[in-house]
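Here is a friendly note to read beside the model.

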Amino acid sequence: ATIRRTEPTAGSGDSARRFGTQRVLVEPDAASGVAVMKFKNPPVNSLSLELLTEFIISLEKLENDKTFRGVILTSDCPRVFSAGLDLTEMCGKNPAHYAEYWKAVQELWLRLYLSNLVLIAAINGACPAGGCLISLTCDYRILADNPKYLIGLNETLLGIVAPFWFKDTLVNTIGHRASEQALQLGLLFLPAEALQVGLVDQVVPEDQVLSTALSVMARWMAIPDHARQLTKNMMRKTTVDRLVKQRDADIQNFVSFISRDSIQKSLQMYLEKLKQKKG
Ligand SMILES: CCCCCCCC/C=C/C/C=C/C(=O)SCCNC(=O)CCNC(=O)[C@H](O)C(C)(C)COP(=O)(O)OP(=O)(O)OC[C@H]1O[C@@H](n2cnc3c(N)ncnc32)[C@H](O)[C@@H]1OP(=O)(O)O
């Protein structure tokens, strides 16, 4: 993927010179040190290998540019933040592809979860499974108050299982008992429920998600970076190390699990159900 610069937005000067890739738009504001990263992989921002790769490249570019201290993650696709991992990457492929794909999923989580940036999820659409995981890696989550925008780790509804580091991220956010129930039942929470259980930090009207994210960002960026970053690292490093210590085993575990005939059948049936739903 190549990073492309696009023309500055009207009346904004150099600080808003947008850049990004085909599937990840980056709207940087050097003056404030905040960049907005938008997933743009229509129709539902499914986390394809290309999107994951482009996301990692764009995130790394922002982390290496000391101008930026905070990133807001949001969607350029209407009604959906992200539909989660791209199911077509996990069925009908070969073990080598599954391994490559899972390595990219791990990489995205590792980079987001321990990022030195302030990360705020401006959740402007449905946020199941992998989409929910991305929002959980952020420091703060704002969800649009729309009953269609469900959020949760619903993997069991597909007949699969969220891996331990998905589980750990959820437990770190909503606690063990709430996670135990949510993961086993594959719960997708309504905005009010997500707020109540602590899955999101704020629920606001849809047209206020981005502005709320910007004002929350200002509050987080008022904290001296080094102190905040060391504290974030203190809170999250044990969780990250659990995966780092067994990354290859986790990949092998994924490949053997996803390659099972029963799992392949579940995923194919789930994909077909998604397509029938439209018919
Ligand atoms: C013992 C331990 C073992 C551990 C090993 C690990 C095991 C594996 C772990 C996996 C973790 C998995 C995480 C995931 O993220 S799996 C993906 C889960 N995602 C979902 O369940 C969401 C599915 N999608 C939806 O619910 C809806 O699409 C929506 C609410 C997001 C949006 O609805 P709507 O706007 O009505 O759009 P459509 O449903 O019509 O979809 C449009 C189009 O997109 C296709 N599509 C939707 N979601 C996905 C997806 N996740 N991947 C690929 N494609 C998707 C859908 O099929 C439609 O396609 P079209 O008909 O061709 O247009």
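1. Begin with a pair of helices. From α1, the residues Leu-49, Leu-52, Phe-55, Ile-56, Leu-59, Glu-60 and Glu-63 meet His-97, Glu-100, Tyr-101, Ala-104, Val-105, Glu-107, Leu-108, Arg-111 and Leu-112 of α2. Contact here means heavy atoms within 4.5 Å. The residues of this contact divide into 10 nonpolar, one polar and five charged. Ala, Val, Leu, Ile, Met, Phe, Trp, Tyr, Cys and Pro count as nonpolar, Asp, Glu, Lys and Arg as charged, and the others, Gly among them, as polar.

2. Before going on, a word on the source. This is a predicted model, in which local features need pLDDT of at least 70 and side-chain atom pairs count only at pLDDT 80 or more, while totals for chains, interfaces and linings use all residues. Residues are numbered from 1 along each chain as its sequence is written, and side-chain values use heavy atoms, with hydrogens and water left out.

3. How do α1 and α2 lie against each other? Helix α1 covers residues 49-64 and helix α2 residues 95-113; they pack at an angle of about 30 degrees, with their axes 10 Å apart. Helices (H or I, at least four residues) and strands (E, at least two) are DSSP runs, numbered from the N terminus. Axes are lines fitted to C-alpha atoms, for helices over the stretch in contact, and angles run from 0 to 180 degrees between N-to-C directions. The two helices are therefore roughly parallel to each other, a label for angles under 35 degrees. The crossing of α1 past α2 is left-handed, meaning that the near helix is turned anticlockwise from the far one by less than a right angle.

4. Now find α5, residues 176-185, where Ser-179, Ala-182 and Leu-183 are the buried residues. Seen down the axis of α5, they fall within an arc of 95 degrees, so they line one face of the helix. That arc is taken from the directions from the helix axis to the C-beta atoms. Buried means under 20% relative accessible area, exposed over 50%, and partly exposed in between (1.4 Å probe, protein chains only). An α-helix has 3.6 residues a turn, so residues three or four places apart point the same way. On the other side of α5, Arg-177 and Gln-184 are exposed. After α5 comes Gly-186, with a positive phi near 60 degrees.

5. Which helix is included in what covers the buried residues of α5? The answer is α4 (164-174). Val-171 sits in α4 and is partly exposed, at 22% relative accessible area. Leaving aside neighbours within four places in sequence, Val-171 is in contact with His-176 and Ser-179.

6. Not counting residues up to four places away in sequence, Lys-38 touches Arg-23, Val-24, Leu-25, Glu-27, Thr-74 and Asp-76.

7. Finally, check the backbone. Most residues other than glycine have a negative phi, and most peptide bonds are trans. Pro-42 and Pro-43 are joined by a cis peptide bond, with omega about 10 degrees. In the loop between β4 and α1 you will find Asn-45, whose phi is positive at about 50 degrees although Asn-45 is not a glycine. Asn-45 is buried, with a relative accessible area of 0%.

Terms used
Angles under 35 degrees count as roughly parallel, over 145 as roughly antiparallel, 65 to 115 as roughly perpendicular and the rest as oblique.
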